[in-house]
Amino acid sequence: MSVQVRGTDGIAEVVIDFPPVNALPAQTWHDLAAALTAAGADQQTRVVILSAAGRGFCAGVDIKEMQRLAGQEGILRASQGCFAAFAAVYECPVPVIAAVQGFCLGGGIGLAGNADVIIAAEDATFGLPEVDRGALGAATHLARLVPQPLLRAMVYTCQTVTAQQLLSFGTVFTVVPGAELGAAARSLATAIAAKDPLVIRLAKQSLNGIEPVDVKRSYRYEQGFTYELNLAGAGDRARQAFMDGQR
């Protein structure tokens, strides 16, 4: 199973598990969205932990799948899946805690950036390699993690930042040794789950309601430029260069 769900004591844990690097094919993005939606719809759920198996949280989309599919099908399916999964994190009726280890890249930023709280392992790094892949997107979500000038530098250069840097910005709640990541996420989840569930659900709704940026509309705007790059041929050239080991 590429998406696993387990729950106890009002805490639902949704686990990404797609070896070797959690680069997700289109259907898995939809599966992830469905799992998050179902967890939030369950009135017994008070908080969701979004985590991942393996050495990294998420490496984004499965570029090999995109290159295998004919015509524009690959980019369309991946974009639709990412949109659904990112929205499911943000719109989950209860708080979502992202527990991030290792690499958090591309689509991983969309997931973590839309979470209510991020807890990171000491080895966690965050970045958008989209420019090197001939695409644009998830700057909407990275903007929730880093200041605007750094955001622009990260998009243009595809450089990453560390969990400690995000901790200094206040966008990561805490940074812990990798072996303690699961326990730290569960400790925070337990504290939230102990609160009045109606109050917490309405708190989530109210916080989403006062956001200055509509993350769904903003991300959809970004996706339009990815489609434009793909139609112009730049997307396919960049993805093939990645497949050929040139990037």
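How exposed is Arg-144 in terms of relative accessible area? In this predicted model, Arg-144 has a relative accessible area of 26%, and the residue is therefore classed as partly exposed.

Arg-144 and Glu-211 meet through their side chains in a salt bridge, at 3.0 Å from N to O. This pair links distant parts of the chain, with Glu-211 in the loop between α9 and α10 (215-231) and Arg-144 in the loop between α5 (139-142) and α6 (148-157), 67 residues apart. Glu-211 is also partly exposed, at a relative accessible area of 28%.

A salt bridge also joins Lys-204 to Asp-116, with 2.9 Å between the closest N and O atoms. Because Lys-204 belongs to helix α9 (residues 197-209) and Asp-116 to the loop between α4 (107-114) and β8 (117-121), the pair ties together parts that are 88 residues apart in sequence. Lys-204 counts as buried, at 4% relative accessibility, whereas Asp-116, at 33%, counts as partly exposed.

## Nonpolar cores

The largest nonpolar core has 50 residues, and those with the most contacts inside it are Leu-32, Leu-111 and Phe-126. Helix α1 (residues 26-41) provides the largest share of this core, 6 residues. A second, separate core of 17 residues includes Ile-119, Leu-181, Ala-185 and Ile-200.

Beyond its neighbours within four places in sequence, Leu-32 is in contact with residues including Val-3, Ile-16, Leu-50 and Leu-111.

Note on methods
Residues numbered from 1 in each chain as written. Predicted model: local features only at pLDDT ≥ 70, side-chain atom pairs only at ≥ 80, totals over all residues. Heavy atoms only, no water. Core = buried A, V, L, I, M, F, W, Y, C linked by side-chain atoms within 4.5 Å. Buried < 20%, exposed > 50% of the residue type's maximum accessible area, 1.4 Å probe, protein only. Helix = DSSP H or I, 4+ residues; strand = E, 2+ residues; numbered from the N terminus. Contact = heavy atoms within 4.5 Å. Salt bridge = Lys/Arg side-chain N within 4 Å of Asp/Glu carboxyl O.
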